[in-house]
Amino acid sequence: MPLSGCRINHYSWGFAIFVYHGVQKLNESEGNSDDRVSTNLDWSFQILGSRTQWFWIYGDWNHMKNLRAALLCFTAALGSPLWAQENPVVVELYTSQGCSSCPAADALLHELADREDVIALALHVDYWDYIGWKDPFGDPAHAERQRAYAAAGDRRSIYTPEMVVNGETDIVGAKPMKLSEAIAAHARAPRRVALDLARSGGKLTVNARAVSDVQGPFTVHMLRYTPEKTTEIKRGENRGHTYSYANIVEGWTVLGSWDGAGPLDMQTDIAGTLPVVVIIQEQNAGPIVAAARLR
């Protein structure tokens, strides 16, 4: 099934999910008829295109063997969900340049990097450095955070690539549909904590307050990230390839704790021009209740 390309804006994402599940139901009721499915897919995509003026796709639908391929464009693009969300969803990717399975996940994170409703973070780990290539962005602290998530989820091992959405949803590998569904689900969740950041000179001010019943204690994290860097990999499993990496995390620190009972008001020194992210998270690698970013 040759695809010439695809493009989608944020108004289309809800329709894409609707079409996907609708076609699955049609498959079940019509005995998996390729012709019947392809006809309805063509009709559905035409409606999407006419409503948004952004979607374009070319393909041989009548010879499609996998329905999921029909929506590859939607899931790879990971367009913004229809639901407005003041509190962005945090997606942490645990990755390594020494891992041959990671480039697809790195590419997915690239698609998320510029979205305002998502804070996409690449946490490069160091535990694959021994197989031939030392990841220049690797940090043992990232692996420790990943181990904390594993312990919280009663998992005995850690791996790459792994995505953790809002500190709760664990996604193994590069799975665009699962990732987009997780982002949408967390975006729909009621807001629990209002978080605001302000930067003045060399100071960052962090203010937060509970907007629903919350129970602390919470950990207040701060990190910086480099929006994009490119690496030519000369050894290891990915040798001979050059990859571009997005939102590379560095300087992850803990600013303090918060009980959630009263307003949070703290200041910290901050230097340089890199984007800054603050995350409020239940202790012991629990759910993330609030996050904010200054680019």
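Is Asn284 buried or exposed? Select Asn284 to begin: the residue is exposed, with a relative accessible area of 71%. The model is a predicted one. Asn284 sits in the loop between strand 10 and strand 11, and its phi is near 60°, a positive value in a residue other than glycine.

Next, select Asn247. Phi here is near 50°, again positive in a residue other than glycine. Asn247 belongs to strand 8, residues 241–258. Because its relative accessible area is 3%, under the 20% cut-off, Asn247 counts as buried.

Pick Leu204 and look across to strand 9, where its bridge partner is Thr268.

**The nonpolar cores**

Select Leu195 and Ile280. These two residues have the most contacts inside the largest nonpolar core, which has 20 residues. Strands 5, 6, 7 (218–233), 9, 10 (276–282) and 11 (288–294) each supply at least two residues of this core. Leaving out residues up to four places away in sequence, Leu195 touches Val206, Asn207, Ala208, Val278, Ile280, Ala290, Ala291 and Ala292. Another core, of 18 residues, lies apart from the largest one; Val90, Tyr94, Leu121 and Ile288 are among its members.

**Two cis peptide bonds**

Go to Thr160 and Pro161. The peptide bond from Thr160 to Pro161 is cis, with omega near -10°. Pro161 lies in the loop between helix 6 (140–152) and strand 3 (162–165). Then move to Gly216 and Pro217, where the peptide bond is also cis, with omega near 5°. Pro217 is in the loop that runs between strand 6 and strand 7.

**Cysteines**

Cys99 counts as buried because its relative accessibility is 7%. Cys102 is likewise buried, at 0% relative accessibility.

How values were computed:
Residues are numbered from 1 along each chain as its sequence is written. This is a predicted model: local features need pLDDT of at least 70, side-chain atom pairs count only at pLDDT 80 or more; totals for chains, interfaces and linings use all residues. Side-chain values use heavy atoms; hydrogens and water are left out. Two strands pair if DSSP finds at least two bridges between them. Helices (H or I, at least four residues) and strands (E, at least two) are DSSP runs, numbered from the N terminus. Buried means under 20% relative accessible area, exposed over 50%, partly exposed in between (1.4 Å probe, protein chains only). A nonpolar core is a set of buried Ala, Val, Leu, Ile, Met, Phe, Trp, Tyr and Cys residues joined through side-chain atoms within 4.5 Å. Contact means heavy atoms within 4.5 Å.
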